[in-house]
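Thanks for coming, everyone. Let me put the model up on the screen, and then we can walk through it together.

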Amino acid sequence: MSQLALPLRLADHAVFESYLDSGNEMLVATLRALADGGDGPGCWLWGATGSGKTHLLQAICDQAGDQSVYLPMSMFAEADPEMLEGLASRRLICVDDIDVITGQPDWERAFFVLYNQVLEADSRIVVASSAAVRSSGIDLADLESRLSQLPAFQVHSLGDDETRQALQLRARHRGLDLPDETAQFLTNRSRRDMASLYKLLDKLDDEALRAQRRLTIPFVREVINKL
């Protein structure tokens with residue numbers, strides 16, 4: 001993973017190879033193309049909490065390498081908007097949780113300047129939100145207008161079968177064997193959003209390694225009951 005300048009490090013699991021793109025194939029293809037320098041200024045992606053927006057933003061940064069930067073606005077909401085200065089020199093800027101700063105004049109003006117600089121520099125910007133542009137709470141009309149020009153994609157949440165497949169894909173990426181029956185048990189016993197399931201899988205990975213156990217239903221039940 002590339003070291004970011006802010007200083008942030010991408011999650012080691014957040015790559016395209018560990019993302020089940022069922023229902024989001026066009027979005028993933030667009031993001032992969034942008035990471036490789038494809039045409040267009042970027043895109044706006046939106047969806048419910050836990051739908052995988054952060055995973056996708058970090059995956060595109062991973063593929064783009066050191067000329068990308070990941071900005072989780074939930075971490076920088078109290079920072080000075082001047083932190084955005086100079087970022088247009090990066091080939092790709094990924095902004096997560098922009099909802100956190102919408103409605104704040106200083107931040108909106110700073111993002112308006114950044115967007116114009118991105119266009120001038122022929123860079124790319126990918127923005128993630130919980131809502132479409134017109135419903136994201138942006139007050140600055142010029143900024144809303146600019147961002148509305150970006151191709152927009154709704155990140156579709158996974159169905160039950162796809163959730164199990166995504167969990168097993170993540171497990172394989174970590175070198176784990178997650179049998180079908182265990183994956184079914186996990187989705188029945190845990191919160192259904194992928195962030196919660198991935199967090200539980202990380203815990204199970206640690207406990208299985210420590211205990212030298214396989215991810216059987218009895219072992220998983222034992223770990224869950226201790227949480």
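The largest pocket holds about 640 Å³ of space, and please keep in mind that this is a predicted model. Lining that pocket are 33 residues, and those nearest its centre are Gly-50, Ser-51, Gly-52, Met-194 and Ala-195. Helix 2 (53-64), helix 6 (160-173) and helix 8 (194-211) are the elements that each give two or more residues to the lining. Helix 8 gives the most, with five.

Now let's turn to the core. The largest nonpolar core has 27 residues, and Leu-71, Val-95, Phe-111, Ile-125 and Leu-147 have the most contacts inside it. At least two core residues come from each of strand 2 (68-72), helix 3 (73-76), strand 3 (92-96), helix 4 (105-121), strand 4 (124-129) and helix 5 (141-148). Which of the helices gives the most to this core? That's helix 4, with seven residues.

Beyond its neighbours within four places in sequence, Val-95 is in contact with Leu-57, Leu-71, Met-73, Phe-111, Ile-125, Val-126, Val-127 and Ala-128.

Last stop, helix 5. Its buried residues are Leu-143, Glu-144 and Leu-147. They sit on the same side of helix 5, because they cover an arc of only 100° around the axis. In general, an α-helix has 3.6 residues a turn, so residues three or four places apart point the same way. The buried residues of helix 5 pack against strand 1 (42-46), helix 4 and strand 4.

Note on methods: Residues are numbered from 1 along each chain as its sequence is written. This is a predicted model: local features need pLDDT of at least 70, side-chain atom pairs count only at pLDDT 80 or more; totals for chains, interfaces and linings use all residues. Side-chain values use heavy atoms; hydrogens and water are left out. A nonpolar core is a set of buried Ala, Val, Leu, Ile, Met, Phe, Trp, Tyr and Cys residues joined through side-chain atoms within 4.5 Å. Buried means under 20% relative accessible area, exposed over 50%, partly exposed in between (1.4 Å probe, protein chains only). Helices (H or I, at least four residues) and strands (E, at least two) are DSSP runs, numbered from the N terminus. Contact means heavy atoms within 4.5 Å. On a 1 Å grid over the protein atoms alone, a cavity is a set of points where a 1.4 Å probe fits but cannot get out, and a pocket is an open set with protein on both sides within 12 Å along at least five of seven lines; lining residues have an atom within 4 Å of a point. Grid points are joined across faces, edges and corners, and a volume is the space filled by probe spheres set on the points. The arc is that of the directions from the helix axis to the C-beta atoms.
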